[in-house]
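Let's take a friendly walk through a protein model. Keep the sequence beside you and turn the structure as you read.

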Amino acid sequence: MSSSPQAPTRAVTADADTRPSLTVLSGFWPAATFAVARTLLAADASLLLVRHDLAGIRDGVVRRVIRSGTGVIEDEQVALRHGCASCTLREDVLPTLARLTRSHPGRDLVLMLPEVVEPEAVAAACAHCLVDGAPITDLIRVDSYVTVLDAEHLLDGLATTDDLSTLGIQAADDDHRALADVVVRQIEYADTLVLWGQSRGGEFDTGRLAVLLQRIAPWATHLRVDGDLIDAVALTRQLRHTHRHRPETPGVLARGLQGYTLGAHEPEPDCGVVSAAFRARRPFHPQRLHDVLEEVNAEVIRSRGHLWLASQPDTVIAWEFAGGGLSMGSLGHWLVSLPEDRWEHVEDQRRLAAALDWDPYYGDRHQHLVFIGLDVDPVELHRTLAGCLLTDAELADGEDTWRTYTDPFAGCFPLVVEEPADTDTNTEGVRPV
């Protein structure tokens with residue numbers, strides 16, 4: 001009996017990949033994250049855990065500890081670079097991983113990130129930074145990004161309006177990130193989420209947190225672990241050698257533009273959790289939208305997406321809310337506003353997503369926002385946002401008139417006209433409004 005010629009090829013390729021596997025652990029509550037790391041070490045004594053401790057950062061040092069299931073292998077201090085923990089990690093993590101693959105061949109690795117580090121920054125370093133002239137992925141296979149959430153503290157972390165500098169745990173002097181922003185970005189980038197332990201409110205509240213995580217990151221694999229009773233072998237099977245990481249997946253604000261799931265539309269409450277998606281093919285009136293910004297996020301834990309303002313019809317505008325603060329910024333041009341000779345600088349996936357949903361008049365311009373919260377009224381939310389769209393009469397006036405509208409957002413979302421890279425859905429310009 002003959003078989004498909006492709007099947008053996010895939011099997012051989014997988015078996016022939018002898019690179020050590022790397023699992024990246026992140027989480028804002030290090031006790032829970034370290035508990036997962038210790039569980040993995042207990043199941044496999046040969047595993048190498050790399051952890052950076054920021055307790056001495058105010059003294060200008062970061063402590064790097066490497067351990068296996070049998071004990072500590074290294075415990076060294078690393079000088080703080082440029083007064084920045086993120087810079088120090090970027091310059092130390094990849095060389096350390098490369099060194100370990102050479103000094104301990106064939107042993108898998110776990111990298112436990114400090115609580116204020118976002119996993120997407122590590123993924124970017126793995127993709128773009130070279131070690132001895134070669135990418136780190138020549139030496140290791142990044143298997144998965146796992147975020148651990150402490151059920152006792154998660155809801156407080158998502159709801160707080162505190163920022164890292166107020167708490168004295170910022171990664172650098174100019175680090176003004178909100179705590180909630182860090183938590184949601186750790187959640188949204190992960191391919192695997194572990195809800196650790198129990199909520200103080202008991203089983204119902206713990207179940208509600210599990211639903212909330214499902215709504216925030218419907219693309220991830222979700223696990224619940226009782227911190228008092230752990231099967232180390234079973235947890236290891238669920239977290240290691242999963243091949244879940246997909247480096248081509250865009251950041252969360254670019255997901256909708258590239259045709260990936262941005263969020264689930266689940267308007268019926270589940271344990272009180274609602275996830276409501278809003279989509280439309282006509283633009284927002286800038287003043288009417290500005291007037292409802294506080295109202296639409298009043299009961300929301302997380303909202304995100306992109307939108308189209310009538311007064312700035314060339315610009316894709318990013319939207320993200322967490323921890324009581326809304327940030328908006330430029331994601332570059334809508335494709336319809338670009339000359340065709342510049343489309344080659346746009347990601348293939350985005351061009352495909354735009355082609356599948358192209359409108360003969362509006363092109364790829366549209367609204368796509370997702371709101372996730374407790375006891376949110378999805379009907380009222382939709383009614384409020386729909387009331388911000390242009391009316392039929394306003395649409396008929398055309399773009400030349402739209403550009404003259406009074407715009408509270410004027411100057412907030414500049415487009416870099418001369419650089420083709422402005423279509424790369426860069427979110428560095430996203431800022432509070």
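A residue is called buried when its relative accessible area is under 20%, exposed when the value is over 50%, and partly exposed in between. Keep in mind that this is a predicted model.

Now find helix α8, residues 203-216. This helix has 14 residues and reaches 20 Å between its first and last C-alpha, close to the expected 20 Å. The buried residues of α8 include Thr206, Gly207, Leu209 and Ala210. Also among them are Val211, Leu212, Leu213, Arg215 and Ile216.

**The sheet**

In what order do the strands of the open eight-stranded sheet stand? The order is β4-β3-β2-β5-β1-β8-β9-β10, and the pairing is mixed. The strands β4 and β10 (221-225) stand at the edges, each with a single partner strand, so one side of each has no neighbour in the sheet. From one strand to the next, the twist averages 20 degrees.

Start with β3 and β4, which pair in the antiparallel sense over eight bridges. A hairpin of two residues joins β3 to β4. Isoleucine 66 stands opposite glutamate 74 in β4, and valine 62 has valine 78 in β4 as its bridge partner. Strand β2 (residues 48-53) runs antiparallel to β3, and five bridges join them. Here histidine 52 has arginine 64 in β3 as its bridge partner.

Next, move to strand β8 (residues 141-150), which pairs with β9 in the parallel sense over five bridges. Threonine 147 stands opposite leucine 193 in β9. Helix α4 (residues 119-128) packs on the sheet, where α4 touches β1 (21-26), β5 (109-112) and β8. The direction of α4 makes about 170 degrees with that of β8. Another helix, α7, lies across β1, β8 and β9, and runs at about 135 degrees to β8.

As you follow a strand with your eye, remember one general idea. In a regular strand, side chains alternate between the two faces of the sheet.

**Salt bridges**

How many salt bridges does the structure hold? The count is 31.

| Pair | Closest N to O distance |
|---|---|
| arginine 63 and aspartate 75 | 2.7 Å |
| glutamate 188 and arginine 304 | 2.6 Å |

Take the salt bridge of arginine 63 with aspartate 75. Arginine 63 sits in strand β3 (residues 61-68) and aspartate 75 in strand β4 (residues 71-79), 12 residues apart. Arginine 63 has a relative accessible area of 36%, so it counts as partly exposed. Aspartate 75 is partly exposed too, at 43%.

Arginine 200 counts as exposed because its relative accessibility is 53%. Aspartate 156, at 45%, is partly exposed.

Glutamate 188 lies in helix α7 (residues 179-189) and arginine 304 in strand β13 (residues 300-307), so the pair ties together parts that are 116 residues apart in sequence. These two residues also belong to a network of salt bridges that links Glu118, Asp175, Arg177, Arg185, Glu188, Arg302, Arg304 and Glu320.

**Cysteines**

A disulfide is a covalent bond between the sulfur atoms of two cysteines. To count as a disulfide here, the two sulfur atoms must be within 2.5 Å. By this rule, the count is zero disulfides. Cysteine 412 is partly exposed, at 21% relative accessibility. Cysteine 271 is also partly exposed, with a value of 26%.

Definitions and conventions:
Residues numbered from 1 in each chain as written. Predicted model: local features only at pLDDT ≥ 70, side-chain atom pairs only at ≥ 80, totals over all residues. Heavy atoms only, no water. Helix = DSSP H or I, 4+ residues; strand = E, 2+ residues; numbered from the N terminus. Expected span 1.5 Å × (residues − 1). Buried < 20%, exposed > 50% of the residue type's maximum accessible area, 1.4 Å probe, protein only. Salt bridge = Lys/Arg side-chain N within 4 Å of Asp/Glu carboxyl O. Pairing = 2+ DSSP bridges. Axes fitted to C-alpha atoms, helices over the stretch in contact; angles between N-to-C directions. Contact = heavy atoms within 4.5 Å.
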